[in-house]
Each structure stands twice: as structure tokens, then as C-alpha cells.
Amino acid sequence: MLKGDVITMSNYKLISSDSHIMEPPNLWLDRIDPEYRTRAPMVVREGENDQWYADGDIKFGIIGSNTQAGRRFDAPETIVTEGTYEDVRPGGMDPHEHVKDLDIDTVHAGILYPSMGLTVWVIPSTDLLSAIFRAYNDWLADFCYHYPKRLKGIAMINVDSVGDAVNEMKRTKEMGLVGAMIPQRPLFGRYDSPMYEPLWIAASELDVPLSIHIGTSRWSPSDIPTHGEGKGLVEFTNQEYHMKDNVAALIYSGVFERHPTLKIGIVEFGISWAPYFLQRMDTVYKERPVRFDGMRFGKNMLPSDFFRQNMFISFQEDALGIELRHHVGVETLVWGSDYPHAESTFPKSREIVDEILKGIPEAEKKLIAGENCARLYHIE
């Protein structure tokens, strides 16, 4: 920057649609239903690192990179996958410190997802998983209680049992949580299965947005342990694979035609993959009616119209996706910081968002940076 240049910062309201907490080591031992305490998630010190286990020997979660916000800018060489709770950023576990970090980052409010909870879906036992979710939701509601206008929690619900998921969604709505997350790969069938119809009905009636966050594949009897860096990189690079299945299943099966107020979000998958996929869905729908047994949506709606009407999609730093924004709909886009994870934009979120949104109309900037998220979750 030349001497005398003036830095102009934006003044739009910045709201993170995808932030996280860091589950404290005693969360489940303290809060889970007593009959599950001996099977509850717990932290074990292994060598120099802390590791989560549940139900005996089921390993999940990583401590290090889930808690290292800011290091990518100041000391990227210090980012590590594993770590200990001594190094966890306080804002991950303490709501007062979390809000201080929101202020540092000039972020008005954050929608809160789990960290260890993203991989707890690998636990096979359905009843234990539901107990884990209930305890987590209780803790999260308490976390958000101190700053109800700035900290907005997303409940975890177990769709192994749709009835259980619906009951937990109702319970957590009353507790003040503002949405619910479902896995990117459920245990039973795809989301076009009739078994999920009560879930869509309840979410619509309760005005609870559902979201599918990256990294939340449910355990399956056919799962094979992943070994080696190469396979992990291949899977991570193609992370939208299951999401394409979900979007197509939901839209083609008429879920949104039956439930026009239902909102379902795609969280932390980015935007850039979506324009071609929406075009592909429209093409298949228009050119291959035999595949749909002659079924046509009402009001001349296309699959992409339902996406723009009923779905939302979060991004972090997807500049290409912003260039293609009109292909998915500006009002579907919600920005997220991913705090306190290592890849987070904290503490440079406004600077990064300003750069990504440079040159687009001010009204669109406001929608993408915060207004879309505020409307979705009723944030003042």
C-alpha cells in the first residue's frame, strides 16, 4: 500500500452462518443421562495429545486444528492436527470469551455448530448417539443463554429414529436453539425416503431450518477404516459428492413442493460446485421426463427454482462462487467464519469478506455478509 492510501472498511453487518464451539472435556461425563455414563464420550491423554473415545474404544474427533483460529495468518507452521486441551482457544468453550472474539473480528453474531460432534456420528449405537446429542444440546443452550442475540445454537438430532429427531427438535426449539443439523450421509436410505417425511413436516411447522454440515457422515455397517494421507485428500477434495446426492434427492422427490416453507442448508461445502449441478438437474428434468414417470412440478417450477426458494449454502472464502452467485441465487448465500478452527477467517474476517465482495452491488454485499443469515435465523 502506498503512503497516504486510506483503508476503507465496510460497515455492513457481518454474521457468521458457520461458527463452532469446542466441547469441554467434561461435557458428556457431567451431562449425559446416568444410564449412559459408563459409555459416554471422554478424553484420554495419549502420549502428548488428547483423544476422544466413546462406548469403550470408538475413537473420534481431533483437538488441535479444531481450535487454532488465527494461526494461519501469524504462524501457519504451528498448525497441527492433534493437540491438547491446554492449547484450546478459550472462546471455544467460554461464551464470554467467544463474544470477545466476535468483537475482535467485527462479527455481529454467530451460528454455532459442534467440533467434536461433527465426527461423533461414527458411533454405531443409535440410543447412545441420541443421549450424546441430548447432553450436547443442553450444554449448548446454556452456552448461548448468556448472549441470546449474538450466540445462536444449532441442535444435533438423530435421524436414525425420525420420531426421536422430531421430539428433540421440538425440545431444543423451546430451549432457544435456532436450527437443527442432520448428517450428510444418514444411516437409513437417502433423504428422498418416505421415512423422513415427519421430519420435514415438523421442521416446517416449527420454523426450524435444517442444515447438513461437512464431515457428518453417519456410521454404516459397510464402513472401512480410512488409512493413509492419500485417501483422505481424495475424499476431502470431492467432499460435495454426498451433498449432490442429498440436494437431488430432496428436490426431485418433491420435498420442497410439499413443504414450501422448509429451509435446508448446505454448510461449509462452498458455492462453486453448485452452479453446474443446478444446471445439470434442470437439464435432466427437462430432457428426460421418462425418468420421472412423466411427473412435472407445479407452477412450471424447475429443480433450480426449488434450490433458490428452499435451500441456503454457506461459504468461507469462495471468490469463484461469488462470481457465479446469480446462478445459485444471491439470497441463498450465507458467509461463515468457521471460528475457532484453524482454517477460520478470524481475526481478519471483515478484511477477507470485503476483498471477496469487492465490486459487487452494495445491496448484494449486505445480503451475503449477514442479512440472509439474519432473516433465516431471526437475528436482530
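Good morning. I begin with a cysteine: the sulfur of Cys373 lies 13 Å from the closest cysteine sulfur, which belongs to Cys144, and that is too far for a bond. The model before you is a predicted one. A disulfide would require the two sulfur atoms to be within 2.5 Å, and a search of the whole structure finds zero disulfides. Cys144, accordingly, takes part in none.

I turn next to a pair of helices. The axes of helix H4, residues 126-145, and helix H5, residues 162-175, come within 10 Å and cross at roughly 10 degrees. H4 and H5 are therefore roughly parallel to each other. On the H4 side, the contact is made by Ser130, Phe133, Arg134, Asn137, Asp138 and Ala141. On the H5 side, these meet Asp164, Glu168, Arg171, Thr172 and Met175. Sorted by class, the contact of H4 with H5 comprises three nonpolar, three polar and five charged residues.

Finally, I come to the strands. Three of them form an open sheet in the order S2-S3-S4, with antiparallel pairing. Strand S2 (42-46) and strand S4 (58-60) stand at the edges; each has a single partner strand, so one side of each is left without a neighbour in the sheet. On average, and with direction ignored, neighbouring strands of this sheet are turned by 45 degrees against each other. Strand S3, residues 49-54, pairs with S4 in the antiparallel sense over three bridges. Tyr53 has Lys59, in S4, as its bridge partner.

Thank you for your attention.

Terms used
Residues numbered from 1 in each chain as written. Predicted model: local features only at pLDDT ≥ 70, side-chain atom pairs only at ≥ 80, totals over all residues. Heavy atoms only, no water. Axes fitted to C-alpha atoms, helices over the stretch in contact; angles between N-to-C directions. Helix = DSSP H or I, 4+ residues; strand = E, 2+ residues; numbered from the N terminus. Parallel < 35°, antiparallel > 145°, perpendicular 65-115°, else oblique. Contact = heavy atoms within 4.5 Å. Nonpolar A, V, L, I, M, F, W, Y, C, P; charged D, E, K, R; others polar. Pairing = 2+ DSSP bridges.
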